[in-house]
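Dear colleague,

Please find below the structure that I am handing over to you, followed by an account of what was found in it. I would be grateful if you would read the notes with the model open.

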Amino acid sequence: MDRERLTATLRRRTWGEEDDERAPLIGLFWAGIWLFWLISPLWDALRALDRPAGWVGAGAVLAFAAVYVRHWMMRWQLFGSSTGRELPTRDPHSLARYGVMAALSLIAMVAIGQSGAATLVFVAVSAMWTFSIRTALATSIVIGVGYAWASVQIPGWRFDSGSLIGLTFATVACFAGRIAGGRTHQLEASRRENARLAVDEERNRMARDLHDILGHSLTVITVKAELAGKLIDVDPERARSEIADLERLSRDALADVRRTVTGFREVTLSGELARAREALRAAGIRADLPTATDGVPSDLREVFAWTVREGVTNVIRHSGARSCTIEVGDRAVTVRDDGVGTAAAGCTGHGIIGLRERALAAGTRLVTESVQPHGFALTMAAPDDAASDRLPEKASTA
């Protein structure tokens with residue numbers, strides 16, 4: 001008893017489940033609701049109490065019901081009735097209880113007669129949650145054939161098709177439940193594995209993003225710190241300017257890290273550039289990307305990041321380009337390719353529409369233009385950006 005309870009506790013903790021205190025009561029209900037089929041053999045035994053066989057039969061039926069309920073409840077508590085987990089088929093305690101049930105069923109039939117054969121249905125059904133599926137099916141078939149043979153061979157017995165039909169339907173129902181439970185177990189195992197893989201993938205993604213973001217930011221901070229240290233005695237004003245840049249870069253890096261950790265990787269400019277490099281390389285497109293983004297003001301980084309994402313997505317999906325160039329300035333970002341141009345660049349797609357809405361919200365301008373002799377350029381520029389004022393007249397702005 002203590003060993004089985006300990007095993008059940010360990011299994012629940014291993015599977016991450018909470019202990020259901022109502023499980024024993026639920027198990028008792030489902031085990032006891034079918035025991036009314038034993039009323040007939042018990043009544044026959046009680047009517048024969050004037051003989052020793054009546055006492056033996058009554059005791060065997062009552063003991064059989066107790067062992068059956070016990071066996072069901074222990075299997076319920078150990079594995080649950082609706083979890084769908086595969087049951088072990090070599091549990092010595094379960095095998096011992098099943099053996100006792102079979103022996104008591106045989107005693108009841110010898111003492112009471114054919115009426116005691118009602119216990120065979122419980123023995124056949126119990127095989128479905130005691131043995132492997134093949135063994136359980138073989139056991140049920142042997143029980144059914146044996147009962148049919150005994151009903152025509154033993155004097156005083158008669159062929160009982162009703163009991164055979166009941167045994168068959170009960171076995172088939174338990175067999176179907178066992179199959180469904182096995183599939184549920186496989187589904188749960190697949191879900192747990194998918195969840196584990198998702199966690200691993202998210203961990204790897206976060207590690208890559210943090211490496212890209214912090215690697216670049218800390219490198220720039222280190223260089224500027226060294227420069228400020230060298231200028232502090234030579235040019236104090238320049239040194240103070242570099243130190244101010246250090247503070248801004250540190251705050252931007254901290255903001256990028258926080259966005260990455262909370263899952264908003266798509267709105268960080270440095271993260272999108274790193275992602276664009278990887279995506280373009282995977283698509284076989286030569287990438288010419290900037291190595292620094294520290295000149296971009298903090299209020300423009302998010303909309304620039306969305307521009308890089310949408311622009312690179314269009315290049316990969318629609319342009320058929322062989323090369324892609326991304327230019328990042330302090331007031332504008334441009335994604336340019338040498339592909340088929342405006343006709344297939346997705347200028348009216350949902351991505352461009354969403355990007356125009358973001359430009360409107362950020363107070364910037366989205367400019368699309370054809371590049372001669374062939375290609376397409378997507379530019380997001382702040383209104384006072386000098387470069388944006390020199391855009392071609394045929395450019396489309398929003």
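Helices (H or I, at least four residues) and strands (E, at least two) are DSSP runs, numbered from the N terminus.

This is a predicted model, in which local features need pLDDT of at least 70 and side-chain atom pairs count only at pLDDT 80 or more, while totals for chains, interfaces and linings use all residues. Residues are numbered from 1 along each chain as its sequence is written, and side-chain values use heavy atoms, with hydrogens and water left out.

Nine of the 10 residues of H6 are buried, so this helix is largely enclosed by the rest of the structure. Ser126 belongs to H6, which covers residues 119–128, and has a relative accessible area of 0%. The side chain of Ser126 reaches the backbone oxygen of Phe122 at 2.7 Å; this is a polar contact (a pair of N or O atoms within 3.5 Å; within protein, one must be able to donate a hydrogen and the other to accept it, and residues adjacent in sequence count only if both atoms are side-chain atoms).

**Helix H5**

The 21 residues of H5 (residues 92–112) should span 30 Å at 1.5 Å a residue, and the end C-alpha atoms are 30 Å apart, which agrees. The expected span is 1.5 Å times one less than the number of residues. Buried in H5 are Ser94, Arg97, Tyr98, Met101, Leu104, Ser105, Ala108, Met109 and Ala111. Seen down the axis of H5, these buried residues fall within an arc of 170°, so they line one face of the helix; the arc is that of the directions from the helix axis to the C-beta atoms. The face turned away from the buried side of H5 carries the exposed residues Pro92, Leu106 and Val110. Just after H5, Gly113 takes a positive phi of about 110°.

**Pairs separated in sequence**

Phe64, in helix H4 (residues 52–79), is buried at 0% relative accessibility. Phe64 and Ala102 are 38 residues apart in sequence and 8.6 Å apart in space, C-alpha to C-alpha. Leu46, in helix H3 (residues 39–47), is partly exposed, with a relative accessible area of 41%. The C-alpha atoms of Leu46 and Ile112 are separated by 9.8 Å, with the two residues 66 residues apart along the chain.

**Cavities**

The structure holds two cavities of 30 Å³ or more. On a 1 Å grid over the protein atoms alone, a cavity is a set of points where a 1.4 Å probe fits but cannot get out, and lining residues have an atom within 4 Å of a point. Grid points are joined across faces, edges and corners, and a volume is the space filled by probe spheres set on the points.

The second largest cavity has about 40 Å³ of space, and its lining consists of Gly311, Asn314, Val315, Val335, Asp337, Phe376 and Leu378. Helix H11 (298–319), strand S3 (332–337) and strand S5 (376–381) each supply at least two residues of that lining, and H11 gives the most, with three.

Yours sincerely

Methods. Buried < 20%, exposed > 50% of the residue type's maximum accessible area, 1.4 Å probe, protein only. 1 Å grid on protein atoms, 1.4 Å probe; cavity = no way out; pocket = protein on both sides within 12 Å on 5 of 7 lines; lining within 4 Å.
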